[in-house]
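Hi everyone, thanks for making time for this one. I'd like to walk you through a structure, so let me put the sequence and the model up on the screen.

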Amino acid sequence: MERALELAQASAGLASPNPTVSAVLVKDGEVLAEGTTEPGGLHAEAIALRKAGPAARGSTLYVTLEPCCHYGKTPPCTDAVIRAGVASVHMAMLDPNPLVAGHGSELLTSAGISTSVGTGKDIATVLYEAHAKYIMTGTPFITAKYAMSLDGKIATRSGSSQWITGSEARRYVHTLRGMNDAVVVGIGTAIADDPSLTARTEGGDLQSKQPLRVIIDTNGRLPVHSKVLDQPGRTLIACSSITEDKKLQLEQRGAEVLQLSSREGGVDLVELMQALGSREVTSALVEGGAMILGTLFDQGLVDKVVAFVSPKIIGGKDSLTPVAGIGVDLVDEAITIDGADMKQVGPDMVITGYPGGRRV
């Protein structure tokens, strides 16, 4: 199972909107075949079984998510496992999809195949947290990501913000982008930083899969010469008010302009998340700015936090902080981060957790 989880983690997000599943077939102590779900193609179990051929009979299958038991773009994986004569199946976790949700395991058991669930479940739960939310709600799993100094600043009083964290942390951000279906920023960040919002490899090359770039731009202020419009992949501009002329200019630059309702002076973020879900965006990495992140927290829309903390002191009462919005009146009302995990990336610390028990 450790090998299967390793394979799935290495390809996380690439098969979206399907979950990235990996499977390993073992017989007589030897690995027969491995498989990982293809983007828009075969599932992991089918790939491994096809590679193994007749040798799969009597083997043990280790799979990171319960095999599907319904027809979608591909036939049920349970049928393929049963036909191949697999002797036992070990699943890291059951699939939260209501069309599966334990039924796949039951079908295998009823066919005389020994099954077990739970080995590697902690890793699998994180691996499939976006899949779990999306399949149950139709809206993306929202990760709030920001980088700040040790005294909680994201920029100096003059607005300088590059770079608070080191190169290792910035490379890790590109890994996060590659794992998510969309990268989201507000118009303030888009104008101030003029980011590309691409996902790149450690060597600096573009990753094969690029996330949808989403700019929350209430009044259609994004400059038409912005770098984000020059990158491969798709860009979506979410507005509440925009002139027809500016909309045409942005569309001529290849962007999709999505007009949404206004809420509290900005784009209705609930409506935006529903619109992203309808586009099969299962996960979104929100990289700021402070008002966007603050509004997401205020409205209870953040599912996960990834905060980079640099060992630097910026100071200044007018320096920017990562989360604005309305906030709370009392410390006792503050959002707690559950399951916080801390690790060092270069000179910086990365803190990951789930707001107020919102873990899926």
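Let's begin with β8 and β9, which pair in the parallel sense over four bridges. Keep in mind that this is a predicted model. If you find Ile 216, you'll see that Ala 238 in β9 stands opposite.

Now zoom out to the sheet. Nine strands form an open sheet, and reading across, the order is β10-β9-β8-β7-β13-β6-β14-β16-β15, with mixed pairing. At the edges are β10, residues 256-259, and β15, residues 337-345, each of which pairs on one side only. On average, neighbouring strands of this sheet are turned by 20° against each other, direction ignored.

Next, the helices that go with these strands. Helix α6, residues 129-137, lies across β6, β13, β14 and β16, and runs at about 135° to β6. Then there is α11, which packs on the sheet and touches β6, β7, β8, β13, β14 and β16. The direction of α11 makes about 130° with that of β6.

So what is in the largest nonpolar core? There are 32 residues in that core, and those with the most contacts inside it are Leu 212, Val 214, Ile 216, Leu 272, Leu 276, Val 286 and Leu 296. Several elements supply at least two residues each, among them β8 (212-216), β9 (235-239), α10 (269-278) and α11 (290-298). Which element gives the most to this core? That would be α10, with five residues.

Leaving aside its neighbours within four places in sequence, Leu 212 is in contact with Asp 181, Ala 182, Val 183, Arg 234, Thr 235, Leu 236, Leu 276 and Val 281. There is also a second, separate core, this one of 31 residues, including Val 24, Ala 48, Ala 56 and Ala 84.

Key
Residues numbered from 1 in each chain as written. Predicted model: local features only at pLDDT ≥ 70, side-chain atom pairs only at ≥ 80, totals over all residues. Heavy atoms only, no water. Core = buried A, V, L, I, M, F, W, Y, C linked by side-chain atoms within 4.5 Å. Buried < 20%, exposed > 50% of the residue type's maximum accessible area, 1.4 Å probe, protein only. Contact = heavy atoms within 4.5 Å. Pairing = 2+ DSSP bridges. Axes fitted to C-alpha atoms, helices over the stretch in contact; angles between N-to-C directions.
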